[in-house]
Amino acid sequence: MAQHRGHDAFHARANALRPPFALSLLRSAWPLFACLALAIVLQLVIRPMMPVFAAKMLVDIGTSIILAVSLTMVNGFTGQFSIGHAAFMAVGAYVGATIVYYGSFRLFGNANMHGGLLSGMIDSRNPLPLFSWADLLFLCSLLAGGLAAAACGYVVGLPSLRLKGDYLAIVTLGFGEIVRVLIQSQTTEVLSNPQTIAATPMYMWPKYSGGALGFSGLPFYSSLFWVWVFAGLTLLVAARLKYSSTGRAFLAIREDEVAAEAMGVPTTKYKVRAFVIAAFFAGIAGVLFAHTVGVQLNPGELGFLKSFDILIMVVLGGLGSISGAALAATILTILPELLRQPPTIWPWGLIAGVVLAAALTPFSEKRWKPAVTIAVILIAWEVMRWTARTLGVDLAGYRMVIYAIALVLMMILRPEGLLGIREIWELRPVRAGGRGKGARR
Amino acid sequence: MSDSPAANPRPVLDVERISIAFGGLKAVTDFTLQLPRGRLHGLIGPNGAGKTTVFNLLTGVYRPTSGAISLEGESLLGMRPSQRAAAGLARTFQNIRLFPDLTVLDNVRVACHLRTRHTLAGTLWRSSLAAGEELAIIERSRELLDILGLLHRERDDARNLPYGDQRRLEIARALATDPKVLLLDEPAAGMNPQEKIELRTMIRSIRDKFSLTILLIEHDMGVVMGLCERITVLDHGVTITEGTPEEVQKNPKVIEAYLGEPVALDAVGGGGGA
């Protein structure tokens, strides 16, 4: 293509503005090291002080964040409506699980947990090295799961993203069902005899992944370290995308596809790009999910209901908001667990409520709103507990009903999502009653 | 056809006999246009004459059933709209199509991405090249906003701008693609008389500043006649005439297209008396 007059001037200016190499390297790399360091501290220092239940919650939250933030890149950034995210998770989960399970047999003769200190959630093993070959196996399976999901994303996305409107929703829904049924229709056998496995060629391994009964016997490698390294990476990729030329092109497609194309954005290419990146991280989340304590990998669990769970997180957080999706993922993962045995709000719920209300007040046009909203939530919570106790009802049985009611209420009260399309760090204090710079609508 | 003798041997934009039919409806028939560098050309015609269809054919929204379009000798046929934008053809829209939830600055920044050389890997790693280019994009976008007088609103959402500012933001955004030819679809629509006068000055000045060739659709005759060097008149998809504003104004076919066929006076009188 012919070069433009203006391009040379632009390139000369860009070269003049390039930061020095060392500074640029530092800026590029520090978030990675920070994320790695944080995950190591979380795993080695903080986890031993936590109850196992809380650590498991943190692992689930991290996985949810990876899923919600990656889906935000498609549904939030480019405005395409994908409702088959769990299918990419399933592809990743089964590819990763096959590699870890049968790979372990080849390397160690059994499928037990062989990882070092950075893997796993339970300290039942003897003093261990920080990092072992088994951890490398797990890392490879994570990347392989991600790449397999990304490849599927490309194959599904390329034809369907050419079309406008609801096609993608239907195609992704269909793809999700195809993946689920394909896995379910395999033999329910999982090989567990080292001799048989050694005699089975590698390409036959995926066939023996448990079918409809689920893939049992997987070692539990997922740990706070692995989950939060990849949650951090997902957040970093999403943020760097959003504040870049590519990310603005994504947002332009969401805002007006015709105008974006007219301004030189190759819309199909960019939509596929967002879709493939999102599928990659969904695949990684799938591998992490498959190797989490207490999870029995089962195709039924990764059907369209799971896709909707992720979609709800994205919509509730605010379409296009990374921090909103992460926040919603956290809340929606904790809430069902909290509702199993609703604790009293005294004193921690009350303290958290007061702090939150104080923090939110400057950001609201109506100064009374955050405090009143939080007070109503806390009172409703106690009323619910009191009613249940008086009537002798076990709330655990009704927790999904309460969860659904909470969702409906949140959507009625804040239809644009918790954060709208803004990020937490983009919010600015608003003058009471007036419209400040950060005010929306 | 009264085409002026070509001062420039090769026109910047060369449109040869393009036609398009939607089913049985011939929306545009044999539309021909040669724009030499620096020309300010008007495209007028009554409602439904096919003006915006011509724009959509030029920018690649529609594919012509026959004919040829080339920009500086490079054929545009078979290119997607984004590729045509990259080749140097930018446009604004009749019904404003900004990115409403993005800021004014981001609206312009989107259109700057054409020039960037860094890859997706560079974006994710925030390479030194990517960082330099992002800074250059900000500088360039703010320059364009300054020229269009919108710099003081760069942080506002595009949806919150007044109508006239939104029109100017569309022009700024189109300029950010670094075009050779700029297509303006009714830039004066919805503007007050004062804004229209400013618009005329502004269009001339950006033409000179960016050495642009401009084709504009406009209903406001004051703007068209005062601004354009030559004018093409369309009616029912057919080019009625092409010439200087004076020639076009005097052309009986043009008057007929706008006002209808001349009618015998007594017939009009009879109708009015009934």
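Good morning. I begin with helix α16 of chain A: of its 15 residues, the number buried is zero, so this helix lies largely in the open. A residue counts as buried if 20 or more other C-beta atoms, placed from the backbone, lie within 10 Å of its own; it is exposed at 12 or fewer, and partly exposed in between. Helices (H or I, at least four residues) and strands (E, at least two) are DSSP runs, numbered from the N terminus.

This is a predicted model, in which local features need pLDDT of at least 70 and side-chain atom pairs count only at pLDDT 80 or more, while totals for chains, interfaces and linings use all residues. Residues are numbered from 1 along each chain as its sequence is written, and chains are lettered from A and ligands numbered from 1 in the order in which they are written.

On confidence, pLDDT is the predictor's own score for each residue, from 0 to 100. Chain A averages 91, and 95% of its residues score at least 70. Over residues 435-441 of chain A, however, the pLDDT is below 50; this stretch has 13 contacts in the model beyond near neighbours in sequence. Where pLDDT is low, the predicted coordinates should not be read in detail. A contact here means that the C-beta atoms of two residues, placed from the backbone, lie within 7 Å.

Let me turn to chain B. Chain B has eleven helices and ten strands. Its radius of gyration, taken over C-alpha atoms, is 21 Å, close to the 19 Å that the globule rule (2.2 Å times the number of residues to the power 0.38) gives for 274 residues, so chain B is as compact as a globular protein of that length. Buried residues make up 47% of chain B.

Within chain B, an open sheet of four strands runs in the order β2-β1-β4-β5, with antiparallel pairing. Strands pair if DSSP finds at least two bridges between them. The edge strands are β2 (25-35) and β5 (74-75), each pairing on one side only. Strands β1 (13-22) and β4 (66-71) of chain B share five bridges; B:S19 has B:S66 of β4(B) as its bridge partner.

Finally, how do the chains meet? In all, 45 residues of chain B are in contact with 39 residues of chain A. On the chain B side, α5(B) gives the most, with eleven residues.
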